[in-house]
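Please keep the sequence and the structure in view while following the headings below.

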Amino acid sequence: MADDERLKEAMTRLLGIMASLRDPEHGCPWDRRQDFATIVPHTLEEAYEVADAIERGDYEQLRGELGDLLFQVVFYARLGEEEGRFSFTEIAEGLAEKLQRRHPHVRFPDRGAEITGVGEDEVHRNWERIKHEERASRAGEEGHHSVLDDIPLALPALARARKLQRRAANTGFDWTDAAGVLEKVDEEIAELREVTAAGGDPDALEDELGDLLFTCVNLSRHLGVDAETALRRANRKFEARFRWLERELRKTGHDHERVDADRLEALWERAKQALAGAGESPSGENPGA
């Protein structure tokens, strides 16, 4: 069977299964009970599981996780079709048209390239210009417009901070280099110290700590580092070291709740040395032993 026929058959089967799951009489009770809002937590979970499989390099699991994520799209499409809002076909058609519109430098099978010989910087500028025109077009219908429009409130805070900063930077509202952002980090730390020394009013602490985190995201952007990825890496590193510390304590019949701070600090330094360069896997195995 040709690949395109196989793809068509697989998608037709998948859409048919979704229709059966939502059948009012013979479908699955759980699937019939769902609506757009109730599926959102599952969609977010599936997206994070995709990211987790990629970070662990588990491509066999990634295939399954991508299938689970695709199922979320199919589920939303079925709900949209039932309510007369949109269908899976319309979703795919809209996506195809948008991708072609935003890549005028690419020669697609059904149309030629509108511009040729462009570099990556110009590709980025064209991409942002086209997205800006799309937002302006929508704003004309709704009566308002901001470069910060359509940045979802539901995004994780680190990802939303980065998007807000990038949109603002596209208008010229940005530091010229990372050095200026580092100075801002120092300034925010100083302000946080002042609030802490003054007694630590909860609202003020939250405000100043939020400013510091926001500035750290800006710093990561200027350094070419994704803040979410960096924090996930730090989480894995901490987890690996703490698990190593726990195993060492168990060898001597102790646990961390009954060991003094100096002993814990010494073990922590040993954990850092033992796991250095070993991938710092958070699994039960100790790669540095």
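Glu 9 is found in helix α1, which covers residues 3-21; helices here are DSSP runs of H or I with at least four residues, strands are runs of E with at least two, and both are numbered from the N terminus. The model is a predicted one, in which local features need pLDDT of at least 70 and side-chain atom pairs count only at pLDDT 80 or more, while totals for chains, interfaces and linings use all residues. Residues are numbered from 1 along each chain as its sequence is written, and side-chain values use heavy atoms, with hydrogens and water left out.

Together with Asp 3, Asp 4 and Glu 5, Glu 9 belongs to a patch of negative charge on the surface. Such patches are made of residues with over 30% relative accessible area and no salt bridge, like charges being joined within 9 Å and nonpolar side chains (Val, Leu, Ile, Met, Phe, Trp, Tyr) within 5 Å. Lys and Arg count as positive and Asp and Glu as negative, whereas His and the chain ends are not counted, and the place of a charge is taken as NZ of Lys, CZ of Arg, CG of Asp or CD of Glu. Accessible areas come from the Shrake-Rupley method with a 1.4 Å probe, and for residues only the protein chains shown count as cover. Glu 9 has a relative accessibility of 49% and is therefore partly exposed, given that buried means under 20%, exposed means over 50%, and partly exposed lies in between (1.4 Å probe, protein chains only).

## Salt bridges

The whole structure holds 16 salt bridges, each defined as a side-chain nitrogen of Lys or Arg within 4 Å of a carboxyl oxygen of Asp or Glu. One of them joins the side chains of Arg 232 and Glu 55, with an N to O distance of 2.6 Å. Because Arg 232 lies in helix α10 (residues 227-251) and Glu 55 in helix α3 (residues 36-55), this pair ties together parts that are 177 residues apart in sequence. Arg 232 counts as buried at 18% relative accessibility, while Glu 55, at 33%, counts as partly exposed.

Two further pairs lie within single helices. In helix α8 (residues 178-197), Lys 184 and Glu 188 are four residues apart, which means a separation of about one helical turn, and the closest N and O atoms of their salt bridge are 3.3 Å apart. Lys 184 is partly exposed at 23% relative accessibility, whereas Glu 188 is buried at 5%. In helix α11 (residues 261-275), Lys 272 and Glu 269 are three residues apart, again about one helical turn, and their side chains meet in a salt bridge of 3.6 Å, N to O. Both partners are partly exposed, Lys 272 with a relative accessible area of 30% and Glu 269 with one of 32%. Elsewhere, Arg 22, Arg 78 and Glu 82 are linked in a network of salt bridges.

## Loop residues and cysteines

Asp 150 lies in the loop between α6 (120-142) and α7 (157-169). Its phi is near 65°, a positive value in a residue other than glycine, and with a relative accessible area of 43% Asp 150 is partly exposed. The loop between α5 (88-102) and α6 contains His 103, which counts as partly exposed at 22% relative accessibility.

How many disulfides are there? Taking a disulfide as a pair of cysteine sulfur atoms within 2.5 Å, the count comes to zero. Cys 28 is partly exposed, with a relative accessible area of 27%, and Cys 216 is likewise partly exposed, at 34%. The C-alpha atoms of Cys 216 and His 103 are separated by 32 Å, the two residues being 113 residues apart along the chain.
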